[in-house]
Amino acid sequence: DPISGAIRVDGVDLRDLDADRYRRRLGVVLQNPQVFPGTLRENIEYGALSVISEEKMRAALEASDCKDFIDELPEGLDTPMDEGGNLSGGQKQRLTIARALARDSDVLMLDEPLASVDVDSQLRVYQAIRRDYMGKTVVFITHTPGAVRFADRIYVLNHGEITDFGTFDELKAQGAI
């Protein structure tokens with residue numbers, strides 16, 4: 001709960017929302033990706049409210065730049081995972097992005113989701129998120145201002161306080177980023 005003021009989702013105070021129903025609308029990708037024991041397919045389906053179609057799964061894998069490395073595995077999506085020990089840090093991050101994208105959430109929260117991913121993959125994933133989440137809410141937490149160049153609105157935090165907000169170009173011109 002906020003110390004003062006309100007956080008609203010579709011005009012409704014967050015404190016008045018049904019927490020379980022609200023959480024089902026969220027897709028979350030954390031800075032430290034979590035991969036679970038089971039197959040890659042099970043990892044992508046983890047937390048989904050219904051079975052994810054093969055088409056939706058493939059689209060999420062493509063958008064998260066996972067398709068190529070998964071297609072190279074002998075068992076593909078049926079490759080067993082041992083809590084991600086057999087994936088690189090960047091592959092784990094992209095897998096957790098695929099998990100969030102496959103859910104097709106109303107709100108996508110990304111906390112430094114591509115810190116361990118090469119620049120070319122970052123660009124492809126950013127473009128896919130921008131394309132696939134047009135008209136939806138994406139909260140992107142990052143220390144890299146260029147990563148959110150595409151954002152409609154950027155909030156700059158300093159010691160927990162919002163110090164500036166605007167578009168990338170506006171904040172750049174002000175010297176805020």
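Colleague: Which residue follows helix 3, and what is its phi like?

Modeller: Helix 3 is followed by Asp 65, with a positive phi near 60 degrees. Keep in mind that this is a predicted model.

Colleague: What makes the buried residues of helix 3 line one face?

Modeller: Helix 3 covers residues 54–63, and its buried residues are Met 57, Ala 60, Leu 61 and Ala 63. Looking down the axis of helix 3, you find the buried residues within an arc of 165 degrees, so they line one face of the helix. They pack against helix 2 (40–45), helix 4 (67–71), helix 5 (89–103) and helix 6 (119–132).

Colleague: Why is Phe 140 called buried?

Modeller: Buried means under 20% relative accessible area. Phe 140 has 16%, so Phe 140 is buried.

Colleague: And why is the pair of Phe 140 and Phe 150 called edge-to-face?

Modeller: Two checks, one after the other! Ring centres must lie within 6.5 Å to pair, and planes over 60 degrees apart count as edge-to-face. Here the centres are 6.3 Å apart and the planes stand at 80 degrees, so the pair of Phe 140 and Phe 150 is edge-to-face.

Colleague: Where in the chain do Phe 140 and Phe 150 sit?

Modeller: Phe 140 is in strand 7 (residues 137–141), while Phe 150 is in the loop between strand 7 and strand 8 (154–158), 10 residues apart. Together with Tyr 126, Phe 140 and Phe 150 form one aromatic cluster.

Colleague: Which residues form the nonpolar patch on the surface?

Modeller: Val 28, Leu 30, Met 109, Val 139 and Ile 141 form the patch, with about 390 Å² of accessible area together. Leu 30 lies in the loop between strand 3 (26–29) and strand 4 (38–39).

Notes. Residues are numbered from 1 along each chain as its sequence is written. This is a predicted model: local features need pLDDT of at least 70, side-chain atom pairs count only at pLDDT 80 or more; totals for chains, interfaces and linings use all residues. Side-chain values use heavy atoms; hydrogens and water are left out. Patches are made of residues with over 30% relative accessible area and no salt bridge: like charges are joined within 9 Å, nonpolar side chains (Val, Leu, Ile, Met, Phe, Trp, Tyr) within 5 Å. Accessible areas come from the Shrake-Rupley method with a 1.4 Å probe; for residues, only the protein chains shown count as cover. A salt bridge is a side-chain nitrogen of Lys or Arg within 4 Å of a carboxyl oxygen of Asp or Glu. Helices (H or I, at least four residues) and strands (E, at least two) are DSSP runs, numbered from the N terminus. Buried means under 20% relative accessible area, exposed over 50%, partly exposed in between (1.4 Å probe, protein chains only). The arc is that of the directions from the helix axis to the C-beta atoms. Contact means heavy atoms within 4.5 Å. Rings of Phe, Tyr and Trp (its six-membered ring) pair if their centres lie within 6.5 Å; planes under 30 degrees apart count as stacked, over 60 as edge-to-face and the rest as tilted.
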